[in-house]
Amino acid sequence: QLPEFQVAIEELEKMSGLLFFPGLDKKECKNICETHHCKLMNFEEFTLYLAGRKLHSAKTLHRLEKVMSELKESGIQPDDYLLNLYKAKEEEIMREQKVSVERRRSEE
């Protein structure tokens with residue numbers, strides 16, 4: 001589990017010789033594993049996470065389709081979050097393409 005690898009920031013600074021976040025009051029820092037559940041993701045969770053990042057940064061419909069086809073090829077079913085993200089991103093890209101076409105037409 002990840003908590004086994006957790007190191008206090010003071011220890012990390014001492015071992016590395018670097019000063020991290022000099023303006024931060026380290027006494028105010030909370031244990032990240034208590035606030036964000038330091039749990040390892042399994043392969044499927046991690047693949048869905050990466051697919052979400054790829055969908056979020058996609059700029060073309062082709063890229064959206066590629067991400068979804070990669071998921072399908074790996075045998076992983078997209079969850080509701082991913083399906084909603086796909087739909088929203090698809091609408092955004094189509095809207096941007098429409099604006100771009102209209103802009104080019106008006107410039108002619």
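1. The largest pocket holds about 360 Å³ of space, where a pocket is, on a 1 Å grid over the protein atoms alone, an open set of points where a 1.4 Å probe fits, with protein on both sides within 12 Å along at least five of seven lines. Of the 15 residues lining this pocket, Gln6, Val7, Ala8, Ile9 and Lys30 are the closest to its centre, and a lining residue is one that has an atom within 4 Å of a point.

2. This is a predicted model, in which local features need pLDDT of at least 70 and side-chain atom pairs count only at pLDDT 80 or more, while totals for chains, interfaces and linings use all residues. Residues are numbered from 1 along each chain as its sequence is written, and side-chain values use heavy atoms, with hydrogens and water left out.

3. Two elements give two or more residues to the lining of the largest pocket, namely helix H1 (9–16) and helix H2 (32–36), and the largest share, 3 residues, comes from H1. Helices here are DSSP runs (H or I, at least four residues), numbered from the N terminus. By class, the lining has 10 nonpolar, 2 polar and 3 charged residues.

4. Leu50 has its place in helix H3 (residues 43–57) and counts as partly exposed because its relative accessibility is 34%, the classes being buried under 20%, exposed over 50% and partly exposed in between (1.4 Å probe, protein chains only).

5. A search of the whole structure finds 2 salt bridges, a salt bridge being a side-chain nitrogen of Lys or Arg within 4 Å of a carboxyl oxygen of Asp or Glu. One of them joins the side chains of Glu70 and Lys54 at 3.6 Å, N to O, and this pair links distant parts of the chain, with Glu70 in helix H4 (residues 61–74) and Lys54 in helix H3, 16 residues apart. Glu70 is partly exposed at 30% relative accessibility, and Lys54 is partly exposed at 31%.

6. Glu92 forms a salt bridge with Lys89, their closest N and O atoms being 3.4 Å apart, and both residues lie in helix H5, 3 residues apart, about one turn of the helix. Glu92 is partly exposed, with a relative accessible area of 28%, whereas Lys89 is buried, at 9%.

Terms used:
Points joined across faces, edges and corners; volume = space filled by probe spheres on them. Nonpolar A, V, L, I, M, F, W, Y, C, P; charged D, E, K, R; others polar.
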